[in-house]
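Please read them with the structure open.

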Amino acid sequence: MGLCCGMIGLPNVGKTTVFNALVGAGAVAANYPFSTVETNVGIAPVPDPRLATLAAVFHSKKVTPSTLEVRDIAGLVEGASQGEGLGNQFLAQIREVDALLHVVRCFQDPDVVHVGGGVDPVKDIETIETELMLADLETLERRKQRLDKRVRAGEAAAGKELAFVQKLAVLLDKGEWLRGQPFSPDEQALLQELQLLCAKPVLFVANISEGMRPDDPLVEPVRQLADKKGARIVVICGQFEAELSALPPEERQAYLDELGMQESGLVRLTKAAYELLGLITFFTAGEEEARAWPVRQGTKAPAAAGKIHSDMERGFIRAEVYTYSDLMTYGTVAAIREKGLYRLEGKEYVVKDGDVVYFRFNV
C-alpha cells in the first residue's frame, strides 16, 4: 500500500528490540552504536478482533489481517545533519517514511551504553529533533537559492513559494516542529511537496524496563513533551514484548491474562501507528477469506476497490456495503437486508471504518 513508519532514536535505546518484537524479524540487537547499519524492513500485522469475528460468522477458510510496513533506521547521533555516524545516509532513509516512531530510552541499565553518558529522555528527544531540523534547514536553503533565481526572472508563483520557505525556516530556527502548524491548504500542499522531516507525524515510544510503571519519573517528561507538541505516546517494555512475542499465540494470551493485561504493548503501539498514518479498515468477508484492508481516511469506493485489484478500480460499478456493527446487532446479512441496512453505493461514496464491502465491477 506504500505507507510505512520509520523507527528513529539515538543508538542503544531499544529500537531494534522493539522492531523485532513488532514484526517477528531477527535483526541484530547489540550493545554498541550503529549495530543497525542497513535499514531493517518488516511487516507488522495490525490486530483487529473484528476480523476473527467475521471469519467465524462466514466460516472463512482463510483470515488475512491488515499490515503495516515498519523500518528500523539506525540510531542518529549529534552531528548527523553534518554526516556524523553515517548521518546523511540515515536522514535520507527517514525522509522516505510517512510517519515517525521515535523510540526514547526511559530505562537505566549500566550494561547498556548510553551515547550521551547518561539517561535523559527529553535531552535525547531534543538531540534527534535538532538534527532533523538542521537537515530541513539545509533543504530549505537549497530551495531558497533556486527560488531566488525564479523570482528575479519575474515568476509571481515563485515569490509566493519563497515567502513560505522563509516562513518555514523561521519556525525551524525557533525549534518549532512543523507538523500541526496552522498552515493554509495551499501552504499544506507546498509543505507536502518539500518532504521535510519535521513535517512528519510523530509517535513517541517510551521504552521502559521490566517492573517500571508507565508513570515513572523518567516517562513523565516525555508524556508532557508529547502533550505540548500535540503528539501521542505509547509506553512499552521492549524486552518484555520481545520475550512475549516469542511465545506461541495461545500461550501469549494466557500469560497476558495471568498478568491482568488485556493486550500487549505492541498491540497498542501498532494501533497507534495505524492511526498516526490516518488509516481506517474496511473488510471483505466470505467463505473463502475474511480480510482487513487499510485505506486512508476519506478514500472513495473506487480507490478502495483498487487496493484489492487495479481492475476493480478501473471497472468499478458499485459497492454493496453494510457495517460490522449492524452484522453484530442482527447476526446475518439476510437480516441486515430485511432491515434496509444493506446499501448500494456509487463512485462518490467515502469508505468508513468497519464497512464490510462487496465490489461490483466490469472486467
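Of the 81 residues in the largest nonpolar core, which touch the most other members? Point 2 takes this up, after the basis of the values.

1. Basis. The model is predicted, so local features need pLDDT of at least 70 and side-chain atom pairs count only at pLDDT 80 or more, while totals for chains, interfaces and linings use all residues. Residues are numbered from 1 along each chain as its sequence is written, and side-chain values use heavy atoms, with hydrogens and water left out.

2. Nonpolar cores. The residues in question are L132, L168, L178, F204 and L269. A nonpolar core here is a set of buried Ala, Val, Leu, Ile, Met, Phe, Trp, Tyr and Cys residues joined through side-chain atoms within 4.5 Å. Buried means under 20% relative accessible area, exposed over 50%, and partly exposed in between, with a 1.4 Å probe and protein chains only. Helix α5 (residues 156-173) supplies the largest share of the core, eight residues. Apart from this core lies another, of 15 residues, among them V295, A304, V357 and F359.

3. L168. Contact means heavy atoms within 4.5 Å. Leaving aside neighbours within four places in sequence, L168 is in contact with L140, L178, F183, L191, L194 and L196.

4. Chain totals. There are 14 helices and 12 strands in the chain. Both are DSSP runs numbered from the N terminus: helices are H or I with at least four residues, strands E with at least two. Of the 363 residues, 48% count as buried. Among contacts between residues at least 6 apart in sequence, 68% join residues at least 24 apart.

5. The six-stranded sheet. An open sheet of six strands has the order β2-β4-β1-β5-β6-β7, with mixed pairing. Two strands pair if DSSP finds at least two bridges between them. At the edges are β2 (40-45) and β7 (232-236), each pairing on one side only. From one strand to the next, the twist averages 25 degrees. Strand β2 is joined to β4 (residues 67-72) by six bridges, and the two run antiparallel; G42 has V70 as its bridge partner in β4.

6. Strand β5. Is β5 enclosed or open to the outside? Seven of the seven residues of β5 are buried, so this strand is largely enclosed by the rest of the structure. Both faces are covered, with A99, L101, V103 and R105 buried on one side and L100, H102 and V104 on the other. Four bridges join β1 to β5 in parallel, and I8 has H102 as its partner in β5. Strands β5 and β6 also run parallel, joined by six bridges; V103 is partnered by V205 in β6.

7. Helices across the sheet. Helix α1 (residues 15-23) lies across β1 (4-8), β2, β4, β5 (99-105), β6 (202-207) and β7, at about 45 degrees to β2. Helix α10 (residues 265-276) lies across β1, β2, β4, β5, β6 and β7, at about 160 degrees to β7. Axes are lines fitted to C-alpha atoms, for helices over the stretch in contact, and angles run from 0 to 180 degrees between N-to-C directions.

8. Helix α2. In α2 (residues 49-58), R50, L51, L54 and A55 are buried. They cover an arc of only 140 degrees around the axis, which puts them on the same side of α2; the arc is that of the directions from the helix axis to the C-beta atoms. P49 and A52, on the other side, are exposed. Cover for the buried residues includes β3 (62-64), β8 (279-285), β9 (289-296), α13 (324-330) and β12 (355-361). Just after α2, H59 takes a positive phi of about 55 degrees.

9. E187. This residue is in helix α6 (residues 185-194). E187 counts as buried because its relative accessibility is 18%. A polar atom of the E187 side chain lies 3.0 Å from the backbone nitrogen of S184. Not counting residues up to four places away in sequence, E187 touches F164 and K167.

10. Y349. The loop between β11 (343-345) and β12 holds Y349, which counts as buried at 12% relative accessibility. Y349 and A301 are 48 residues apart in sequence and 5.6 Å apart in space, C-alpha to C-alpha. Not counting residues up to four places away in sequence, Y349 touches T299, K300, A301, V321, R343 and D355. The side chains of Y349 and R343 make a polar contact (2.8 Å). A polar contact is a pair of N or O atoms within 3.5 Å; within protein, one must be able to donate a hydrogen and the other to accept it, and residues adjacent in sequence count only if both atoms are side-chain atoms.
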